[in-house]
Amino acid sequence: MTNGGEGASSAMVRVMLPQHLRTLAKMEGAEVSLEVASPVTARRVLDALEARYPMLAGTIREHGTGKRRAFMRIFACEEDWSHQSPDAVLPETVASGKEPLLILGAISGG
Amino acid sequence: MSSVRVLVGTRKGAFILNSDGKRKDWTVNGPFFAGWEIYHLKGSTVDPNRLYASQSSSWSGQVVQRSDDGGATWNPVGNQFAYAGVPGTHQWYDGTPHPWEFKRVWHMEPSLTDPDTVYAGVEDAALFKSADGGATWEELKGLREHGTGPQWQPGAGGMCLHTVILDPSNAKRMYIAISAAGAFRTDDGGETWKPINKGLVSQYIPDPAAEVGHCVHHVAMHKARPDVLFMQKHWDVMRSDNAGDSWHEVSGNLPTDFGFVIDVHAHEPETVFVVPIKSDAEHFVPDGKLRVFRSKTGGNEWEALEKGLPQKDCYVNVLRDAMAVDSLDECGVYFGTSGGQVYASADAGDNWSPLVRDLPGVLSVEVQTLK
């Protein structure tokens with residue numbers, strides 16, 4: 001896997017959110033494109049997402065600690081990045097916008 | 001002409017029911033915040049178009065929504081509830097110390113004088129206040145830090161601060177209740193608090209008459225007589241005539257004195273409503289009959305109200321914040337069930353009919369009487 005984004009000043013990253021969060025943020029469409037400073041990491045993507053949609057603060061990451069909420073998951077290129085460091089550089093295909101970064105609610109509950 | 005707006009929080013969204021003052025024909029609007037748990041929503045008495053809603057989920061945590069147009073449109077406001085200082089520990093179910101952790105807002109209580117000021121009762125138990133319409137929240141830390149906090153334990157539903165009552169005659173006085181710590185009062189606007197549990201007896205705790213540790217389910221007050229309080233405890237219906245300084249039992253002839261809701265008639269301070277639930281092990285109405293019990297004597301003597309309510313094969317629960325009254329001349333009473341029905345009586349409980357039957361399980365019901 002090649003990591004992307006090194007050397008560029010910023011990149012347009014696509015992010016796909018679960019329906020509940022899209023509704024909360026009053027988004028139109030299934031995904032949003034965000035300008036993210038390189039190198040592209042999950043932390044930077046979520047920072048950009050919360051800057052655009054402040055109502056999402058606290059819904060994916062906890063207030064205060066910044067930790068990923070237990071039932072929220074992050075997938076890149078069909079791989080679970082939930083347990084990776086938030087500062088790990090995301091794959092080139094996500095950083096370049098070819099593939100979206102997926103934020104999912106864990107399949108649980110009723 | 002007057003009208004009535006009923007605010008219903010459910011396990012899968014909020015609903016707003018509207019009628020004119022006749023209370024015969026109702027419209028059902030919603031779901032708002034579909035798919036989310038709406039523990040509570042409530043309107044300001046100063047500006048009835050100002051509503052606050054607590055929206056939460058296990059996945060995405062807490063959101064607070066605000067409407068400035070009576071619920072037609074909503075916008076998320078602040079959702080950061082940070083305990084003041086180092087929050088320390090309370091007791092866990094097994095008696096070991098457990099760190100205080102914010103989980104959700106159980107109850108929103110708008111100020112009686114300022115639509116931008118609102119209180120939030122939260123789990124793990126604490127009281128927060130916003131003075132900017134919900135944008136930012138600050139803990140009234142004197143409650144959690146007054147001294148007994150490390151002894152508080154969660155009830156089965158969590159360690160929740162679920163009841164907030166503002167005294168209309170004294171802006172400095174406020175009551176709150178916590179499962180399973182008990183009731184508390186402030187006389188200085190929330191700076192300092194004291195437990196007000198004298199007279200409560202709970203057989204299931206090590207010291208049945210302890211200062212704290214009682215599972216208070218709900219407390220109600222009549223605004224014209226704010227020193228008189230009625231309480232539905234885990235078991236026992238209680239009454240205080242001195243602002244909570246002492247309590248005495250008024251369960252009287254109730255078929256069971258376990259329950260969650262309690263409320264007071266809008267115009268008759270001695271008329272009280274409860275919905276007895278079979279037991280703490282069986283959270284549904286006894287004998288398959290949904291009955292509201294009314295006392296016109298401030299407790300002890302209760303009559304069953306059943307006209308229009310299901311009287312066989314009914315096994316629903318009515319949760320602590322799921323009953324409310326309107327203030328029309330003939331007092332209306334409203335409650336919602338775990339089965340998703342919202343029932344109403346336009347004649348103080350004599351006759352009931354469902355406003356809507358098939359909502360998700362009802363968590364809370366509030367009523368606004370609009371001029």
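Trainee: In which helix of chain A is the place of A:Arg52?

Mentor: This is a predicted model, in which local features need pLDDT of at least 70, side-chain atom pairs count only at pLDDT 80 or more, and totals for chains, interfaces and linings use all residues. Residues are numbered from 1 along each chain as its sequence is written, with chains lettered from A and ligands numbered from 1 in the order in which they are written. Helices (H or I, at least four residues) and strands (E, at least two) are DSSP runs, numbered from the N terminus. On that numbering, A:Arg52 belongs to helix H2.

Trainee: Is A:Arg52 buried, exposed or partly exposed?

Mentor: A residue is buried if 20 or more other C-beta atoms, placed from the backbone, lie within 10 Å of its own, exposed if 12 or fewer, and partly exposed in between. Within 10 Å, A:Arg52 has 15 other C-beta atoms, so A:Arg52 is partly exposed.

Trainee: Which strands of chain A do the buried residues of H2(A) pack against?

Mentor: The buried residues of helix H2 (residues 42–52) are A:Ala42, A:Arg44, A:Val45, A:Leu46 and A:Leu49. Contact here requires C-beta atoms, placed from the backbone, within 7 Å. The strands they pack against are E1 (10–16), E2 (31–37), E3 (72–76) and E5 (101–105).

Trainee: Which element of chain A has the highest mean pLDDT?

Mentor: pLDDT is the predictor's confidence in each residue, from 0 to 100. Chain A averages 91, and 91% of the residues score at least 70. Among the elements of chain A, strand E4 (residues 79–80) has the lowest mean, 94, and the highest, 97, belongs to H2(A).

Trainee: Where in chain A does pLDDT stay under 50?

Mentor: For the stretch in question, the model has 16 contacts beyond four places in sequence. The stretch is residues 1–5 of chain A.

Trainee: Which strands stand at the edges of the open sheet of chain B?

Mentor: Four strands form this sheet in the order E26-E27-E28-E29, and the pairing is antiparallel. Two strands pair if DSSP finds at least two bridges between them. An edge strand here has a single partner strand, so one side is left without a neighbour in the sheet; the two are E26 (323–325) and E29 (353–356).

Trainee: Which residue in E29(B) is the bridge partner of B:Tyr343?

Mentor: Strand E28 (residues 342–345) of chain B pairs with E29(B) over three bridges, in the antiparallel sense. The partner of B:Tyr343 in E29(B) is B:Pro354.

Definitions and conventions. Two residues are in contact if their C-beta atoms, placed from the backbone, lie within 7 Å.
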